[in-house]
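Hi there,

Here is the structure I promised to pass on to you. Have a look at it first, and then read on for my notes.

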Amino acid sequence: MLSLDNPTFERFAFYSGIAIGKTLLMSALTVRSRLTNKIFSNPEDVAGFGGKEIIGDERVERIRRCHQNDIENVFPFVLVGSFYVATDPDPWWAAVLFRTFVISRCLHTVCYLMPVPQPSRFLACMTGWGVTAVMAAFVIRAGRV
Amino acid sequence: MLSLDNPTFERFAFYSGIAIGKTLLMSALTVRSRLTNKIFSNPEDVAGFGGKEIIGDERVERIRRCHQNDIENVFPFVLVGSFYVATDPDPWWAAVLFRTFVISRCLHTVCYLMPVPQPSRFLACMTGWGVTAVMAAFVIRAGRV
Amino acid sequence: MLSLDNPTFERFAFYSGIAIGKTLLMSALTVRSRLTNKIFSNPEDVAGFGGKEIIGDERVERIRRCHQNDIENVFPFVLVGSFYVATDPDPWWAAVLFRTFVISRCLHTVCYLMPVPQPSRFLACMTGWGVTAVMAAFVIRAGRV
């Protein structure tokens, strides 16, 4: 049941809030990097804040690639997860999946921004992806063609 | 309660519909700009519609950056907002947050496409981001670890 | 009603699961193309897996553009669709919309990756976009200002 009376939904809300909050932080990091390094994409930004119009500077692009990876993984997790919660899954397994996802995404961000040598980022990304794929399989099986 | 019997959900549906509808319009603007200026990313597009294969033309890229900003802000708003509605928030404050978000996103698009001098686009973007961040904080507090 | 007791929600869960699962596959195709062609975006990836640091190689970029198009279309479909299901739509029409969307998105991916000559990809994309736009119109009409 999609209501906070359902402990699995309550958990899902908490971990989704953390995962999306972490994704929102990437916007803040991009803004900080743009303002600190004075690297912008639009002429009106340079006119307003100074600096240069540069596409593809690594100090900004690394953060943006990390942000894009969040978009590709965190949004599907929350979308698929809400259907998964509606299938009334085993609460213990559901908690394991939600926690595994959020921990792996936080590790992914640390690995990307430090950066930590590979294959750590690769494994963190695959773990989160695997959680969403497992939930999607449960949802498709519970759905109606 | 996530049902149209709940006035807060009814409001959230309306403002989410507007925000996602606005995001969908960016795809239409990109297509129009590509077809008008004959700027494409793939050889089969040039074969079918004429013009040139160009990556990074500003007439298309400005619309795409605005679209990407919608993806980074509108989708999290709708995702976090549905949990926020489930926390049974004060209806008046919820309406203020939803309206502030949608107005700030419409202003963001106008600022980006005109373009309007900075820091107007920056402030519009931060306002919408702040609304989603506030809702995420409420959701995390209401959730279960 | 957003519950698997509602056959329209059951159908929406199935088709959303398929559409998001298909989007997740694009990440796997990107990883496969990067590892096979040894094309990476970060120095630590080259240090860990060999190959070269290249931005913009077509073998990877075509898959990424297709993935981005999924993000721009599949996520709005699932977000708007959950409100649309809450409006208690005619079950037959709802099933037509969900199936049309998923079939058009699968055709879009085939057209993009083969690639099939235009305007096939254009028409597939517009069909899916139209389904989401129709659902958004119903949601906005059912919502509260």
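Is A:K38 buried, partly exposed or exposed? A:K38 counts as partly exposed, because its relative accessibility is 37% (buried means under 20% relative accessible area, exposed over 50%, and partly exposed in between, with a 1.4 Å probe and protein chains only). A:K38 sits in the loop between α1 and β1 (39–40) of chain A, and it has a positive phi of about 55 degrees although it is not a glycine. Helices (H or I, at least four residues) and strands (E, at least two) are DSSP runs, numbered from the N terminus.

Before going further, a word on the basis of all this. This is a predicted model, in which local features need pLDDT of at least 70, side-chain atom pairs count only at pLDDT 80 or more, and totals for chains, interfaces and linings use all residues. Residues are numbered from 1 along each chain as its sequence is written, chains are lettered from A and ligands numbered from 1 in the order in which they are written, and side-chain values use heavy atoms, with hydrogens and water left out.

With a relative accessibility of 63%, B:D88 counts as exposed.

One joins A:Q118 and A:P119, with omega about 10 degrees, and A:P119 lies in the loop between α4 and α5 of chain A. Another runs from C:M114 to C:P115, with omega near -5 degrees; C:P115 belongs to the loop between α4 (91–113) and α5 (120–142) of chain C. As background, most residues other than glycine have a negative phi, and most peptide bonds are trans.

Now to the helices. Helix α5 (residues 120–142) of chain A has 23 residues and spans 34 Å from its first C-alpha to its last, close to the 33 Å expected (1.5 Å times one less than its number of residues). Its buried residues include A:C125, A:W129 and A:M135. Among what covers the buried residues of α5(A) are α3 (58–86) and α4 (91–113) of chain A, together with α1 (7–37) and α2 (43–49) of chain C.

In chain A, A:T30 is part of helix α1 (residues 7–37) and is buried, at 6% relative accessible area. Leaving aside neighbours within four places in sequence, A:T30 is in contact (heavy atoms within 4.5 Å) with A:V60, A:I63 and A:R64.

Axes are lines fitted to C-alpha atoms, for helices over the stretch in contact, and angles run from 0 to 180 degrees between N-to-C directions. Residues making the contact include A:F9, A:F12 and A:I20 of α1(A) and B:L79 and B:F83 of α3(B).

Within chain B, the axes of helix α4 (residues 91–113) and helix α5 (residues 120–142) come within 8 Å and cross at roughly 150 degrees, so α4(B) and α5(B) are roughly antiparallel too.

Best wishes

Notes:
Angles under 35 degrees count as roughly parallel, over 145 as roughly antiparallel, 65 to 115 as roughly perpendicular and the rest as oblique.
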